[in-house]
There are 2 protein chains.
Amino acid sequence: MSKVLTTNQLRRIPRYLSYLRTLSASNVSYVSCQQIAKSLSLNEEQVRKDIALVSKVNGVPNKGRNIEILIKDIESTLGIDNVNNAILVGVGSLGTALLNYKGFLNYGLQIIGAFDKDINLVGKTINGIMVYDINEVDLVLKKLKAPIGIITVPSNNANEVANLLVKAGIEAIWNFAPTQINVSDDVIVTNIDMAANLATLSHKLYLKHRKIEKENM
Amino acid sequence: MSKVLTTNQLRRIPRYLSYLRTLSASNVSYVSCQQIAKSLSLNEEQVRKDIALVSKVNGVPNKGRNIEILIKDIESTLGIDNVNNAILVGVGSLGTALLNYKGFLNYGLQIIGAFDKDINLVGKTINGIMVYDINEVDLVLKKLKAPIGIITVPSNNANEVANLLVKAGIEAIWNFAPTQINVSDDVIVTNIDMAANLATLSHKLYLKHRKIEKENM
């Protein structure tokens with residue numbers, strides 16, 4: 001199914017998938033939209049619409065939807081029924097953490113190679129993933145054939161690395177560097193900004209403490 | 001300075017900080033707003049306004065702003081000039097990756113304890129951080145005194161864990177579980193949804209490949 005999903009649907013649908021997989025792991029076979037909505041604190045009508053969008057199979061009266069079918073339908077809608085290969089550039093602290101993280105495969109992503117400019121890291125493996133010299137990215141990507149590039153370099157190098165990746169044939173960039181990346185429009189870029197997220201949390205906490213201090217003065 | 005920053009300011013200002021720290025590490029002493037804007041691909045006028053908001057110290061003609069002062073002013077504005085202690089609940093693959101990540105301290109966050117329900121993990125240390133029994137969170141938090149709780153449990157347990165943390169005195173929750181968390185309004189919650197982010201990337205890539213297939217038919 002080749003549907004274009006909205007940002008909000010792309011936020012909710014992976015949540016259904018995560019929940020359904022948890023049920024499946026507990027040997028539950030059927031679930032109703034009502035149950036999904038309740039467990040995930042979502043509006044039931046919204047869940048019904050989303051599920052109708054991703055799956056054409058009807059529910060069984062008094063039982064609900066078949067969970068295994070629903071999981072397959074969601075994976076197919078998200079485009080993660082086939083695993084996407086990815087490479088990662090920047091084997092620092094964050095890069096190493098992501099190379100060691102085993103949860104990406106649940107969302108159809110497999111990191112098959114890493115790159116760094118630090119010659120002391122090149123040739124090592126982390127969690128079974130080989131670290132290559134970033135200067136050889138062109139050559140290595142010809143062999144590895146990964147459409148996705150994960151960027152975990154410092155912000156001042158991020159765009160330079162993105163340009164290298166695009167030149168080497170990368171089609172989509174998952175950017176963890178806290179900066180904007182400018183590449184040609186046909187390259188897909190999504191950003192995950194942990195620093196901004198954490199700054200928001202710290203700032204709100206700071207304001208809360210200031211307010212409490214003032215109230216106690 | 002107790003300013004309330006907007007979401008967009010909270011997205012940009014940590015980027016300045018990251019960039020300024022990189023310059024500082026390279027022994028650069030001064031930077032202009034023009035340079036910051038250019039390096040981060042941002043609008044110069046916007047950068048000027050943001051910098052004026054966080055720092056009252058004027059630039060030196062032909063040199064720009066003193067980088068060390070600017071870094072201190074930004075840290076103070078964000079509320080990360082003092083380190084915030086945090087605890088983490090859910091020592092699975094993502095939790096372990098975050099416990100091993102050394103970058104949080106750059107944004108004023110220090111994880112000082114971890115919790116899990118798995119008795120085989122309790123008593124172990126990861127990157128020097130002790131894992132405690134989640135059933136003892138009340139008791140342990142009385143000693144640890146951390147205002148921030150990081151949640152990395154599966155989505156179906158996330159709200160239950162959030163309730164436990166709030167009951168034990170946690171003031172702010174950084175939620176990595178792909179689900180909504182409902183707690184009382186005086187608790188600060190920010191979400192980072194890696195699954196939704198990755199699903200967006202995979203879905204766009206999938207649509208792109210479908211389009212190319214159709215064009216070649």
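In this predicted model, 67 residues of chain B are in contact (heavy atoms within 4.5 Å) with 67 residues of chain A. Local features need pLDDT of at least 70, side-chain atom pairs count only at pLDDT 80 or more, and totals for chains, interfaces and linings use all residues. Residues are numbered from 1 along each chain as its sequence is written, chains are lettered from A and ligands numbered from 1 in the order in which they are written, and side-chain values use heavy atoms, with hydrogens and water left out.

The two chains bury about 6100 Å² between them. Buried area is the accessible area (1.4 Å probe) that two parts lose on being put together, summed over both. Carbon and sulfur atoms carry 63% of it. In chain B, the most area is lost to chain A by B:Leu198, B:Leu201 and B:His203, together 10% of what that side buries.

Four salt bridges cross the interface (side-chain nitrogen of Lys or Arg within 4 Å of a carboxyl oxygen of Asp or Glu). B:Arg15 forms a salt bridge with A:Asp193, with the closest N and O atoms 3.8 Å apart.

Helices (H or I, at least four residues) and strands (E, at least two) are DSSP runs, numbered from the N terminus. Elements giving two or more residues to the chain B side include helix 1 (7-25), helix 7 (155-167) and helix 8 (194-215) of chain B. Helix 8 of chain B gives the most, with 17 residues.

In chain B, seven strands form an open sheet of mixed pairing, in the order 5-6-4-3-7-8-9. Strands pair if DSSP finds at least two bridges between them. Strand 5 (125-126) and strand 9 of chain B each have a single partner strand, so one side of each is left without a neighbour in the sheet. Strand 7 (148-151) and strand 8 of chain B pair in the parallel sense over four bridges. B:Ile150 has B:Trp174 as its bridge partner in strand 8 of chain B.

Chain A has an open sheet of seven strands, ordered 5-6-4-3-7-8-9, with mixed pairing. Its edge strands are strand 5 (125-126) and strand 9 (188-191) of chain A. Strand 5 of chain A runs antiparallel to strand 6 (129-133) of chain A, joined by two bridges.
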